[in-house]
Amino acid sequence: MKCRVCRGPAVVDLRQHNANFCPDHFVKFCRDQVVKAIDEHHMMVEGDRVLVAVSGGKDSLAVWDILVDLGYEADGLCIHLGIGDYSTSSARYARDFAQSRGLTLREVPRADDHGMTVPEAARVTRRVPCSACGTSKRHIFDRVALEGGYDVLVTGHNLDDEAAVLFGNVIRWQTDYIGRQRPVLEAREGFPRKVKPLVRLGEREMAAYCIIRGIDYIVEECPMATGNSHLQFKELLNALEVESPGTKHDFYHGFLRRASTRFAAETDAGADGLGECASCGAPTTAEVCAFCRLVARVANAGGDAQVSITAPGSGAHGG
Ligand code: SF4
Ligand SMILES: [Zn+2]
Ligand SMILES: [Zn+2]
């Protein structure tokens, strides 16, 4: 197996690109894909202050690494979700990475936020843990990015994540979600610009990138993810990809090119009635935002207020 570029020994084969790469040229390939995604979707420009949501997983650490290498001033943000050892451990990976490269990692300490642990919120709401987790992460990411004066919030969602989310949204015809599923969400009152620079790279590539770059990351999946439909959709798409390399790319990027704008109106319509949360000031269509309602529910149910949102997590979905 020879590198497509230098003909040296290759260590990675990318069937969907019909190409093999040596370590150096694979790293260059990954950076080039990120640059292409940034340029194609106008994600950010030189000089932007960037905040990367970091979970300690391969994707968020890889995208942080790549952006710093590309010359962006990028800090990390990790939120403690109170998911037992998983949260403790993922925070440690994020911290170690930041320290080893002299980067700034912002941690949202437990006492600073009135959130709750994800397992506790799931128990009280009787909904899947990812629902409370997503609400908490979005709220805290937005707040920290805006308060910190960052121009853009980066998440580590990769092609596999985005294709699986799109697959799930299409199966259920959740057209408002489909309309919102873009690699860039522009800033608006109360929300920072949010971008996903890894949309041209899959999980396998990100794992290989981390190994080649010596990035130590948390390998275990979030224990709350077990059995969730997102993972099942990923497995289905993986099966298709084995038979027909490039399927995920064609599905997701074909959607962006040909269909996403057709659903935009459904999402934009909901943005008109935004007011301020009576409790925290965050933008919301209700009197009190979803996060504050969640916190109140847990508190009313006797949840212990030491609650979470302390250390890390862009989570299994883009971590
Ligand atoms: S799988 Fe992801 S979204 Fe779900 S609880 Fe874990 S970290 Fe949160
Ligand atoms: Zn090479
Ligand atoms: Zn609120």
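**View 1. Helices H1 and H8 are oblique to each other in this predicted model**. H1 and helix H8 (residues 203-213) pack with their axes 10 Å apart and at an angle of about 130°, and the pair is therefore oblique. Axes are lines fitted to C-alpha atoms, for helices over the stretch in contact, with angles from 0 to 180 degrees between N-to-C directions. Angles under 35 degrees count as roughly parallel, over 145 as roughly antiparallel, 65 to 115 as roughly perpendicular and the rest as oblique. Helices (at least four residues) and strands (at least two) are DSSP runs, numbered from the N terminus. On the H1 side, Pro23, Phe26, Val27, Cys30 and Arg31 meet Glu205, Ala208, Tyr209, Ile212 and Arg213 of H8; contact means heavy atoms within 4.5 Å.

View 2. Leaving out residues up to four places away in sequence, Phe26 touches Val12, Leu14, Phe21, Glu205, Ala208, Tyr209 and Ile212.

**View 3. The zinc ion (ligand 2) has a tetrahedral site**. Cys3 (SG), Cys6 (SG), Cys22 (SG) and His25 (ND1) coordinate the ion at 2.1 to 2.3 Å. Donors are N, O and S atoms within 2.8 Å of the metal (3.2 Å for Na, K and Ca); water is not among the atoms, so sites may look incomplete. The angles among the 4 donor atoms are 96 to 114°; four donors count as tetrahedral if all angles lie between 85 and 135 degrees. The donor spacing in sequence is C-x2-C-x15-C-x2-H. Cys3 lies in the segment before strand E1 (12-14) and Cys22 in the loop between strand E2 (19-21) and helix H1 (23-40), so the pair ties together parts that are 19 residues apart in sequence. Both Cys3 and Cys22 are buried.

**View 4. Four cysteines hold the zinc ion (ligand 3)**. The donors are Cys277 (SG), Cys280 (SG), Cys289 (SG) and Cys292 (SG), 2.2 to 2.3 Å from the ion. Because the 4 donor atoms subtend angles of 106 to 113°, the arrangement is tetrahedral. Along the chain the spacing is C-x2-C-x8-C-x2-C. Cys277 is in the loop between strand E9 (275-276) and strand E10 (283-284) and Cys292 in helix H12 (residues 290-300), so this pair ties together parts that are 15 residues apart in sequence. Cys277 and Cys292 are buried.

**Notes.** Residues are numbered from 1 along each chain as its sequence is written, and chains are lettered from A and ligands numbered from 1 in the order in which they are written. In this predicted model local features need pLDDT of at least 70, side-chain atom pairs count only at pLDDT 80 or more, and totals for chains, interfaces and linings use all residues, while side-chain values use heavy atoms, with hydrogens and water left out.

Notes. Tetrahedral: all angles 85-135°; square planar, octahedral: opposite > 155°, others 65-115°. Buried < 20%, exposed > 50% of the residue type's maximum accessible area, 1.4 Å probe, protein only.
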